[in-house]
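Student: I have a protein model open, and I would like to learn how to read its features. Could you walk me through it?

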Amino acid sequence: MPRTTPLSIGVLASGSGTNLQSIIDACKQGQIPARVAVVISDNRNAYALERARKANIPALVFERGAFADRHAFEGAIVEALQSADVELVCLAGFMRIIGKTILNAFVERILNIHPALLPAFPGLEGQRQAFEYGTKIAGCTVHFVDAKTDHGPIVLQAAVPVLDSDTVDKLAARILREEHALFPEAIRLFAEGALHIEGRRVVIDPQPQPIQDQSL
């Protein structure tokens with residue numbers, strides 16, 4: 001069935017939030033049939049929160065130290081996401097491993113962007129890992145989140161050549177430009193019902209259900 005309302009997205013971010021901004025902009029420009037319903041950070045100084053406020057999006061802070069354990073921390077996040085009627089959770093530079101409490105609440109409804117071509121170079125600083133390893137092709141990956149770090153089924157990837165003149169920062173900047181295009185595209189496919197998980201593979205339906213014009 002065609003969607004009659006925009007997909008409600010919750011974004012978790014710990015830093016500057018440039019991928020969050022790309023999602024906000026894509027929603028505003030009608031590139032994806034979605035809206036960011038809430039932004040949550042574990043870092044009260046994250047600029048992602050300011051980006052949310054500028055876009056009139058609720059911005060919430062849940063610092064890990066304020067909770068007795070990870071279950072309580074994640075439980076508060078889940079409650080906030082569910083209160084905002086979130087259908088899809090997007091990790092945009094969220095620097096914490098997602099545990100069972102969030103995973104169980106949003107089964108196959110959590111997407112992450114990683115700055116490397118998974119399964120190569122998981123974990124922190126994927127761009128630096130690729131550069132220092134000497135690979136000739138780097139890139140980024142959007143994947144569904146599971147219980148292992150940077151492990152879930154891959155939705156989309158974009159390749160970025162590593163140039164002889166590159167530094168880590170130059171390579172990271174070019175990868176980031178690809179991230180800003182790739183993440184909204186993955187969200188669009190999800191919103192249109194075009195993504196189907198079959199084991200380790202994500203199959204993209206070439207003829208997804210059409211999206212109803214929200215202006216009608």
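Tutor: Gladly! Let's begin with R188, which forms a salt bridge with E185, the closest N and O atoms being 2.6 Å apart. A salt bridge is a side-chain nitrogen of Lys or Arg within 4 Å of a carboxyl oxygen of Asp or Glu. Before we go on, this is a predicted model: local features need pLDDT of at least 70, side-chain atom pairs count only at pLDDT 80 or more, and totals for chains, interfaces and linings use all residues. Residues are numbered from 1 along each chain as its sequence is written, and side-chain values use heavy atoms, with hydrogens and water left out.

Student: Where do R188 and E185 lie?

Tutor: Both are in helix α6 (residues 168–191), 3 residues apart, about one turn of the helix. Helices (H or I, at least four residues) and strands (E, at least two) are DSSP runs, numbered from the N terminus.

Student: What about D166 and R174?

Tutor: Their side chains meet in a salt bridge too, at 2.7 Å from N to O. Both D166 and R174 are buried.

Student: How do I read the packing of two helices?

Tutor: Look at the angle and distance between their axes, which are lines fitted to C-alpha atoms, for helices over the stretch in contact, with angles running from 0 to 180 degrees between N-to-C directions. Helix α5 (residues 126–133) and α6 pack at about 125 degrees, with their axes 9 Å apart. The two are therefore oblique to each other; angles under 35 degrees count as roughly parallel, over 145 as roughly antiparallel, 65 to 115 as roughly perpendicular and the rest as oblique.

Student: Which residues of α5 and α6 meet?

Tutor: Q127, R128 and F131 in α5 meet V168, L171, A172 and I175 in α6. Contact means heavy atoms within 4.5 Å. Pick out L171: at 0% relative accessibility, it counts as buried. Not counting residues up to four places away in sequence, L171 touches Q127, F131, A138, V160, P161, V162 and D166.

Student: What can the backbone tell me?

Tutor: Check its angles. The peptide bond from L118 to P119 is cis, with omega near 10 degrees, and P119 lies in the loop between β5 (110–114) and α5. E125 is in the loop between β5 and α5, and has a positive phi of about 50 degrees although it is not a glycine. E108, too, has a positive phi, near 55 degrees, in a residue other than glycine. You will find E108 in the loop between α4 (100–105) and β5.

Methods
Buried means under 20% relative accessible area, exposed over 50%, partly exposed in between (1.4 Å probe, protein chains only).
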